[in-house]
Amino acid sequence: MKAGFRQRMSGLHTWCGLVAGWLLCAILLTGTLSVWRQPITLWMQARPAVPSAPAAAAPAAAASAAAASAAAAPAAASSAALRAAAGYLAVHAEGARFWRIELPQRSGDALLLAWPASGGDGMQAMDPATGALLPMPWGRETQGGRHFMSFHYALHGGMAGFWVVGWVTMCMLVALVSGVAVHRRIFADFFTFRPGKGQRSWLDAHNATAVLTLPFLFMIAYTGLSIFYTSYMPWPLQAAYATDANGANDAYARMQSELSAGEAAPLPRPRTGTAAALHDLAPMLQQVRDLGASAPWMVVVEQPGDAAMLVRVHGTAPQDGPGLLMHAPQASFDGATGALLQAQLAGGGKSASPVHGVLNALHLVTFGGWTMKWLYFASGLMGTAMVATGTVLFSVKRRKKSAMEFGACTPPIYRAIEVLNIAAVAGIALACIAYFWVNRLLPASLADRQHWEIRGFFGVWLATLAHAALRPAARAWLEQLACAALLCLLLPLLNLCTTGQHLGVYALAGDWQRAGVELAALALGLALSAMAWHVWRGGQAPMAKARA
């Protein structure tokens, strides 16, 4: 009975892992990259540094003090720039539902204005020191790192993609559980690796990466399903939050209201129809700093031009706090008078049910700072390698000894599996780095360019599938891995040629987020080069033996 159970678990592990593995490899890799979604977005926006203000605009002492403060802390928008921003929005965004002002977070950043408009969102960049208008587009319109996160949980496929990812995640849990049941010596195998042994080497690599990342993969799969539980299983929610006394049946909104019972309640500010001017923003920002919150990064003016306008000042959530539930600070002001109405400082919060928040924090790694992000990134790469080695192992075993599971159709089915393996492992890596290249090669002024970037990503991935189908398997592996390695290694040169920015500029400016993107691309390029060399070397051995 024990042997029969293990054999059944082995079949379940093999086929469940293989069928789900093709998409799972892409989902894990894009999820791993989305850990760095903020640095990736900054790199892909490629916003230039704001030209320095002329020295005559201020006394020499003030200029030197401003330079010293800029070197020590993120740049701050001057009162004159904030007044210029408010004046510009009052003229060009009159009647908009809201105005958004993104404040500079580092030296050289611009002051960015945005507002909803009928023909598309309006945008304008300003010099944060003088309020002078900067040429548009300022940087590049892009999805940036959000593309990887959107693909990770929905494949850019709407609700259908959302459900496909849920199904694949369930298959991943089944494969993890059945994998543990199959391997009696799983922990002993973790310390065993025999290179150059063909199938045995692939199995050793699969076992080692699986055991090392097993807790992480269980956690990431379980939390990924749990944070979307209301979408995958809406019926308990409908039963628990049935129609209320007013006849409304918005169960999800009622649940969210209950979960946020410990947080600051939203301020109802209906329009009055009475015109009013916006109060000076600089004292509001200073008041937020005096409250001990983090440096503000965005100001949102709701119902601008009305006496009931509301100004919300948002800060950044601390990622190195003592707990998991660290929310972003926020303060609300009366837009007409400047009076403070509500303040919520950064902290752990007192939610009625912290479970959902903890699951979110664990999956989205919104805690622990950069150290935890690096740990998630390394674990995600190893988890991706575990899935990749598992899919390759299937082909290696069948290539050596066919089980003829499909009778006469077995050879073409094995060939189709090999093609899908190549596109799922090497192809997705090539598509991901090609996404960065498309960002730099598309004209900065191209309309709807962020969607063209995503189309480029899917176009390259589809091309890798066609390439794998047309080329011999060994050649397809080599060519796709080598191409991905080359694109990674040449990415800094492409950036220099298209934007004039490069690793040295980022390092001198202390912009280690954008510098880290290029350093990571170089490191991954070297890793992919090693993989391509290994494939080439493996293909040379049979040829040398044949010649002998």
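These legends go with several close-up views of a predicted model. In it, local features need pLDDT of at least 70 and side-chain atom pairs count only at pLDDT 80 or more, while totals for chains, interfaces and linings use all residues. Residues are numbered from 1 along each chain as its sequence is written, and side-chain values use heavy atoms, with hydrogens and water left out.

**View A. Threonine 142, buried in a loop.** Threonine 142 sits in the loop between strand 4 (133-134) and helix 5 (146-154); helices (H or I, at least four residues) and strands (E, at least two) are DSSP runs, numbered from the N terminus. Its relative accessible area is 6%, so threonine 142 counts as buried (buried is under 20% relative accessible area, exposed over 50%, partly exposed in between, with a 1.4 Å probe and protein chains only). The side chain of threonine 142 makes a polar contact with the side chain of glutamate 453, at 2.8 Å. A polar atom of the threonine 142 side chain also lies 2.9 Å from the backbone nitrogen of glycine 144. (A polar contact is a pair of N or O atoms within 3.5 Å; within protein, one must be able to donate a hydrogen and the other to accept it, and residues adjacent in sequence count only if both atoms are side-chain atoms.) Setting aside neighbours within four places in sequence, threonine 142 touches Met44, Gln45, Tyr435, Asn439, Gln450 and Glu453, contact being heavy atoms within 4.5 Å.

**View B. The buried side of helix 12.** Helix 12 (residues 281-290) has Leu281, Ala282, Met284, Leu285 and Val288 buried. They span an arc of only 165° around the axis, so they end up on the same side of helix 12; the arc is that of the directions from the helix axis to the C-beta atoms. What do these buried residues pack against? Their partners are helix 4 (79-92), strand 1 (98-102), strand 5 (296-302), strand 6 (310-315) and strand 7 (330-334). At the start of helix 12, a side-chain oxygen of aspartate 280 comes to within 3.4 Å of the backbone nitrogen of alanine 282.

**View C. Aromatic pairs.** The structure holds 20 aromatic pairs (rings of Phe, Tyr and Trp, its six-membered ring, with centres within 6.5 Å; planes under 30 degrees apart are stacked, over 60 edge-to-face, the rest tilted). One of them, phenylalanine 151 with phenylalanine 457, is edge-to-face, at 5.6 Å centre to centre and 75° between the planes. Phenylalanine 151 belongs to helix 5 and phenylalanine 457 to helix 16 (residues 449-470), so this pair ties together parts 306 residues apart in sequence. Phenylalanine 151 is buried at 1% relative accessibility, and phenylalanine 457 is buried at 0%.

Phenylalanine 162 and phenylalanine 228 also pair edge-to-face, with 5.0 Å between centres and 85° between planes. Here phenylalanine 162 is in helix 6 (residues 158-182) and phenylalanine 228 in the loop between helix 8 (199-226) and helix 9 (229-232), 66 residues apart. Phenylalanine 162 is buried at 8%, whereas phenylalanine 228 is partly exposed at 24%. Ring pairs join Tyr153, Phe162, Trp163, Phe228 and Tyr232 into a cluster.

**View D. Arginines over tryptophans.** The charged end of arginine 440 sits over the ring of tryptophan 43, 3.7 Å from its centre. Arginine 455 has its charged end over the ring of tryptophan 452, 4.5 Å from the centre. (A charge sits over a ring if NZ of Lys or CZ of Arg is within 6 Å of the ring centre and within 35 degrees of the ring normal.)
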